[in-house]
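Here is a short report on one protein chain.

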Amino acid sequence: MEMSLDNLSSAQKDELMSQVKQQIALANAQELLTKMTEKCFKKCVGKPGTELDGSEQKCIAMCMDRFMDSWNLVSRTYTQRIQREQYKG
């Protein structure tokens with residue numbers, strides 16, 4: 001059975017869009033966490049062992065803070081740009 005978006009009510013379309021947006025947000029969060037973990041681990045952990053020493057812990061905390069600050073800045077800038085483009089159109 002083939003389903004067309006034309007057959008959905010406005011409320012159903014809104015619900016579908018909400019679900020898609022939630023899935024995209026979750027995928028973005030997972031990608032952010034994966035990239036941050038990989039980059040900070042590679043930068044801060046010289047020899048993996050059973051636990052992190054103090055300097056490794058501090059390095060990872062600072063790396064994650066910088067990564068999140070950068071990601072937030074890029075996200076805000078991107079959102080503002082998209083909004084400006086929408087208002088122009």
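## Cysteine pairing

Number the bonded cysteines of the chain in sequence order, and the pairing reads 1-4, 2-3. A disulfide here is a pair of cysteine sulfur atoms within 2.5 Å. By this rule there are 2 disulfides.

This is a predicted model: local features need pLDDT of at least 70, side-chain atom pairs count only at pLDDT 80 or more, and totals for chains, interfaces and linings use all residues. Residues are numbered from 1 along each chain as its sequence is written, and side-chain values use heavy atoms, with hydrogens and water left out.

## The Cys40–Cys63 bond

Cys40 and Cys63 form a disulfide, with sulfur atoms 2.1 Å apart. This pair links distant parts of the chain: Cys40 sits in helix α1, Cys63 in helix α2, and 23 residues separate them. Helices (H or I, at least four residues) and strands (E, at least two) are DSSP runs, numbered from the N terminus.

Why is the disulfide of Cys40 and Cys63 called left-handed? The torsion about its S-S bond is about -85°, so it is left-handed. Both Cys40 and Cys63 are buried. Buried means under 20% relative accessible area, exposed means over 50%, and partly exposed lies in between (1.4 Å probe, protein chains only).

## The Cys44–Cys59 bond

Cys44 and Cys59 form a disulfide, their sulfur atoms 2.0 Å apart. Cys44 belongs to helix α1 and Cys59 to helix α2, so the bond ties together parts 15 residues apart in sequence. The S-S torsion of Cys44 and Cys59 is about -70°, so this disulfide is left-handed.

Are Cys44 and Cys59 buried or partly exposed? Cys44 is buried, at 9% relative accessible area. Cys59 is partly exposed, at 22%.

Ala61 is also found in helix α2. Ala61 is partly exposed, with a relative accessible area of 39%.

## The salt bridge

A search of the whole structure finds 1 salt bridge. The term means a side-chain nitrogen of Lys or Arg within 4 Å of a carboxyl oxygen of Asp or Glu. The partners are Glu31 and Lys35, whose closest N and O atoms are 3.0 Å apart.

Glu31 is partly exposed, at 41% relative accessible area. Lys35 is partly exposed too, at 40%.

## The largest pocket

The largest pocket holds about 440 Å³ of space. Its lining includes the salt-bridge residues Glu31 and Lys35. Also on the list are Lys21, Ile24, Ala25, Asn28, Leu32, Phe67, Trp71, Ser75, Tyr78 and Thr79. The elements giving two or more residues to this lining are α1 and α2 (54–88). Helix α1 gives the most, with 7 residues.

By class, the lining has 6 nonpolar, 3 polar and 3 charged residues. Ala, Val, Leu, Ile, Met, Phe, Trp, Tyr, Cys and Pro count as nonpolar, Asp, Glu, Lys and Arg as charged, and the others, Gly among them, as polar. On a 1 Å grid over the protein atoms alone, a pocket is an open set of points where a 1.4 Å probe fits, with protein on both sides within 12 Å along at least five of seven lines; lining residues have an atom within 4 Å of a point.

## The annotated region

For "domain: Tim10-like", an unreviewed UniProt entry lists residues 19–80. UniProt annotations may be inferred rather than shown by experiment. Over residues 19–80 the chain is 85% helix and 0% strand. The end C-alpha atoms of that stretch are 23 Å apart.

Conventions
Grid points are joined across faces, edges and corners, and a volume is the space filled by probe spheres set on the points.
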